[in-house]
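Subject: Handover of the model, with notes on what was found

Dear colleague,

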Amino acid sequence: MINNVVLMGRLVATPELRSTGTGVSVASFTIAVERAYAKAGEQRQADFIDCVAWRQTAEFITRYFRKGQNIGLNGTIQTRTYQDKDTGKNRTAFEVVINNAYFVESKGTSQSTGYSAAPVS
């Protein structure tokens, strides 16, 4: 079986480092990834992908990356189920568990603004 994800996109917000009850570092964040195509006369759409990084990878990402920066990532897709607080229904969440993060632009070309938290229509 193969479960390998390679992504490059912009951080929607600056990742924040947290710790589990046992002291393990974790960072959850979202990146906006432009689709490779656009209909004639329309702007490209972006997909917003939830990611989670653990331990040294989480520490690296939170230390060196900020909102709006391009970031290269590789990891695996993971699913988890949870119960919706409002409806009580079971839901499934998909996220990419990050193994490695990469700089994909020079420090001087980084944008200070990023994508908004909602997809552009």
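Predicted model: local features only at pLDDT ≥ 70, side-chain atom pairs only at ≥ 80, totals over all residues.

Residues are numbered from 1 along each chain as its sequence is written, and side-chain values use heavy atoms, with hydrogens and water left out.

To begin with the strands: helices (H or I, at least four residues) and strands (E, at least two) are DSSP runs numbered from the N terminus, and two strands are said to pair if DSSP finds at least two bridges between them. Strand 1 and strand 5 run antiparallel and are joined by 6 bridges, with Met-8 standing opposite Gly-72 in strand 5. Strand 5 also pairs with strand 6, in the antiparallel sense and over 13 bridges, and here Leu-73 stands opposite Ala-101 in strand 6. The hairpin of strand 5 and strand 6 has 6 residues between the strands, and in this hairpin Gly-88 takes a positive phi near 80°. Strand 6 in turn pairs with strand 4 in the parallel sense over 3 bridges, where Val-52 has Val-97 of strand 6 as its bridge partner. Strand 4 pairs with strand 3 as well, in the antiparallel sense over 9 bridges, and Ala-27 has its bridge partner, Ala-53, in strand 4.

If residues up to four places away in sequence are not counted, Ile-71 touches, among others, Leu-7, Ile-31, Ile-61, Phe-65 and Tyr-102, a contact meaning heavy atoms within 4.5 Å.

In the loop between helix 1 and strand 5 you will find Gln-69, which counts as buried because its relative accessibility is 14%; buried means under 20% relative accessible area, exposed over 50%, and partly exposed in between, with a 1.4 Å probe and protein chains only. A polar atom of the Gln-69 side chain lies 2.5 Å from the backbone nitrogen of Arg-66.

A search of the whole structure finds 5 salt bridges, each being a side-chain nitrogen of Lys or Arg within 4 Å of a carboxyl oxygen of Asp or Glu. One of them joins Arg-35 and Asp-47, whose closest N and O atoms are 2.8 Å apart; Arg-35 lies in the loop between strand 3 and strand 4 and Asp-47 in strand 4, so the pair ties together parts that are 12 residues apart in sequence. Arg-35 is partly exposed at 30% relative accessible area, and Asp-47 is partly exposed at 31%. Another salt bridge is formed by the side chains of Glu-95 and Arg-80 (3.3 Å, N to O), of which Glu-95 counts as buried at 13% relative accessibility, whereas Arg-80 is partly exposed at 40%. The side chains of Arg-91 and Asp-84 also meet in a salt bridge (3.4 Å, N to O).

Definitions and conventions:
Polar contact = N/O pair within 3.5 Å; in protein donor to acceptor, adjacent residues only side chain to side chain.
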